[in-house]
Amino acid sequence: MTIAAGKRSKAALKAFLAAEEDPAADIAVVDPRASELRSLGAEDPAALDAIREVFAGTDLPHNQEKVRRILRTRSEIQKEWGDARDSFLAIGRALLVLEAELTKAEFARLRYGTERLFPFSDATATQLRQIARAVDGGRIPAVACPGSYGTAYQITLLTDAQLRVAQEKGLIRPDVTRREIMQLRREVPADGAVPSLPGRVDRARLREERARLGERRKRLAEELAEVDRRIVQLDELLSPMIEGEVEAVS
């Protein structure tokens, strides 16, 4: 499998991947040599409302030229965002094909020399392969795959249980942010169990805790009894009268 030539220059792709490797980066990188802006067509009411809200209290919403520029840039970014997803999926698939064609020893050498052969690190290559596996395996629907490979990779780290919770919460979508997925990973256990709501009593869990504490008290009581027996023994050994002799006092 090969990557379609001409879609994105090597320099632009390298810049895109470099930005993605920064955990703080969660935005698309626009190729300055992209083709001409596609026609805006009919104005997007949702985008116009967003502009009014973002720039409320300023004169910008009334400046038609600036509004058109924002809409035009938005249109370009949306296109580039989709192209970025197609690009990193194509790269990941190409790497998977290469992995299948090489021996384990050869592939290990390839990984070691990744940065000398490709415009990204081995860590990035590993993430791209994992994303391609998840998409091609149906774990992440292609249409729902985010345009950021860093975000897509975070989704691949979800357990099956966490993935179900993410789907229920509507987080498996193209515009989900890395922050949202990472927050879900922190809040939802690997088994997907949802913590009890505040004020709700989990009687089964309380019974289990009561049993554990009972066992612990029993062990501590046994240890305390052993400590008491030993203290008695030590007191007998330290008694000032041993076989009728008085212990010398220094």
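## Basis of the report

A salt bridge is a side-chain nitrogen of Lys or Arg within 4 Å of a carboxyl oxygen of Asp or Glu. The structure is a predicted model, in which local features need pLDDT of at least 70 and side-chain atom pairs count only at pLDDT 80 or more, while totals for chains, interfaces and linings use all residues. Residues are numbered from 1 along each chain as its sequence is written, and side-chain values use heavy atoms, with hydrogens and water left out.

By this rule, the model contains 12 salt bridges.

## Pairs within a helix

In helix H3 (residues 64–101), Glu 65 and Arg 69 are 4 residues apart, about one helical turn; helices are DSSP runs of H or I with at least four residues, numbered from the N terminus. Glu 65 forms a salt bridge with Arg 69, with the closest N and O atoms 3.3 Å apart. A network of salt bridges links Glu 65, Arg 68 and Arg 69. Glu 65 is partly exposed at 33% relative accessible area, a class lying between buried (under 20%) and exposed (over 50%), computed with a 1.4 Å probe on protein chains only.

Helix H2 (residues 45–54) holds Arg 52 and Asp 49, 3 residues apart and separated by about one helical turn. Their salt bridge has its closest N and O atoms 2.9 Å apart. Arg 52 is partly exposed at 47%, and Asp 49 is partly exposed at 40%.

## A pair between helices

Asp 136 forms a salt bridge with Arg 93, the closest N and O atoms lying 2.8 Å apart. This pair links distant parts of the chain, with Asp 136 in helix H6 (residues 122–136) and Arg 93 in helix H3, 43 residues apart. Asp 136 is partly exposed at 49% relative accessible area, and Arg 93 is partly exposed at 25%.

Conventions. Helices (H or I, at least four residues) and strands (E, at least two) are DSSP runs, numbered from the N terminus.
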